[in-house]
Amino acid sequence: MSRDLCSGLKDMADNLAPSQKLLTEVQGVIHRLTRYLHDERFPRHHSINRIVPVGSFAKRTSLRIMMDLDLVVYLNDVDYPFEEFLDSLQDRILLSDSYENCTLTGTRLVFVAEGTIHVDLLPATNRVPRHEESRGQRAQKLQYDNTIRFIEDSDNPFDAGWKQSTGLSESAVEFVKRKNEQFHTSTMARLAKFWSKTVCIEEFHAGRSSIMEYIAIRAAELEQSNGRENTLQSFRRFLSIVSQPKEMAIYWTDSGFYQEKDIKPRMKQQRPLLLDPTNPYNNILRGRNQEHMKELAHFAHVSLERLNQSDARALKGEPLELQDLFQPQPVWLKLPVTLRRSPGGAKSVHVSVVDGGNLLMPKSKIKGLDEKEREVVENFLFSFSDVSVANSKKKGINVADKVQKDVEDMIAPNVTWGFGGVPKPANANADLEIPFDDEHGRKKVLKVRFNMA
């Protein structure tokens, strides 16, 4: 096992953590959005009990390059599927110039806040009685206990367990924080989620980040139970678990939320099984996620082989090539999006690097693509350029030149680019800006523009 590869992966994972300045900016977005939804001009403002950040931001496992924000909107006297509230909420979001690309998907309202932050608004039924709150009871504990009681008392606890899972999100945040204190799992969680960003599986959105987190936590636990804390071995184990969905049976009975006896036999027999650590009635890999994991297994096999090859080269003293390890799957030209450089795709592309300003995280404006295509394009470009930056710094070469050339070659291999790339489109259908620091610590921005006309 190569110490250089292990330290290289850990350094990369640590560098994926957002800065305090970025976290403060996100807090500002939360404050302004919360105030906007509590405004009395919103017809359904009286239904909102509280708005709580959950997901990666609250768990402290966010990625600097793809900072997203999950907010649970707890509602008084409103139950699943929240259709009328969601329709009204979408109308409210569309009224503001601060929010764009708004899409309603099931019980999720997805949009971009203030040009950079991708937000998921997730409604849940408030189950904290006001008289209990006034007696100083902890809202999270009451929400958990009453939601679990509601699930258990329902006609179909397995169906209710899935539908009510958002109402348990605060407890899921607590679970991840506990595991990080015990096993230092945030490093592995970031690395796993970054790897997931380099892999394209159509329509695999719901729960994907949490799935990667939980599998990463199990991988880190298993490695550290063997008396070692090793990023390389934990990442290898993570990929191994993902590559074998038929063998996957992950659940926690030591987390303080449920015990072994609370897991029903029919649930234990399911494969793949990734049981919500706060909800014994919710297999996160049920339904379509089960099929998505089968697809993901193929890519994990490829990455395992790459990892073993990188380890073997490192043991021979050869330099670490992060780009080989995290090469996107599939390649750009095989992505299921209209921006590919192929018939019917982008007619021109322009790639450049300019001196940076105050941009803290990637920014995009994309016209004419649906939500799933936008996510694929951003994931690939943001993750690919970040690996290119990290690789260039390790080699001590000109970062700006290397990143620009790498992105050009990825988008349009075997095409001769003139100075400054293919002629700049006048009216871009997609305009992406990706900030980075060069080898001297100077702020730079990679700009990628696509024109479909």
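Hi everyone, let me start with a term: a residue is buried under 20% relative accessible area, exposed over 50%, and partly exposed in between, using a 1.4 Å probe and protein chains only. D87 is partly exposed because its relative accessible area is 42%.

A quick word on the source. This is a predicted model, where local features need pLDDT of at least 70 and side-chain atom pairs count only at pLDDT 80 or more, while totals for chains, interfaces and linings use all residues. Residues are numbered from 1 along each chain as its sequence is written, and side-chain values use heavy atoms, with hydrogens and water left out.

Now the whole protein. Of its 453 residues, 57% count as buried. The protein has 16 helices and 11 strands; these are DSSP runs, with helices being H or I of at least four residues and strands E of at least two, numbered from the N terminus. Along the principal axes, the C-alpha atoms fill a box of roughly 70 × 55 × 40 Å.

Back to D87, which sits in helix α4, residues 83–94. Together with E83, E84 and D91, D87 forms a negative surface patch. Patch residues have over 30% relative accessible area and no salt bridge, and like charges are joined within 9 Å. A salt bridge would be a side-chain nitrogen of Lys or Arg within 4 Å of a carboxyl oxygen of Asp or Glu.

And V29, buried or exposed? V29 is buried, because its relative accessible area is 1%. Its place is in helix α2, residues 20–38.

Technical notes:
Patches are made of residues with over 30% relative accessible area and no salt bridge: like charges are joined within 9 Å, nonpolar side chains (Val, Leu, Ile, Met, Phe, Trp, Tyr) within 5 Å. Accessible areas come from the Shrake-Rupley method with a 1.4 Å probe; for residues, only the protein chains shown count as cover. Lys and Arg count as positive and Asp and Glu as negative; His and the chain ends are not counted. The place of a charge is taken as NZ of Lys, CZ of Arg, CG of Asp or CD of Glu.
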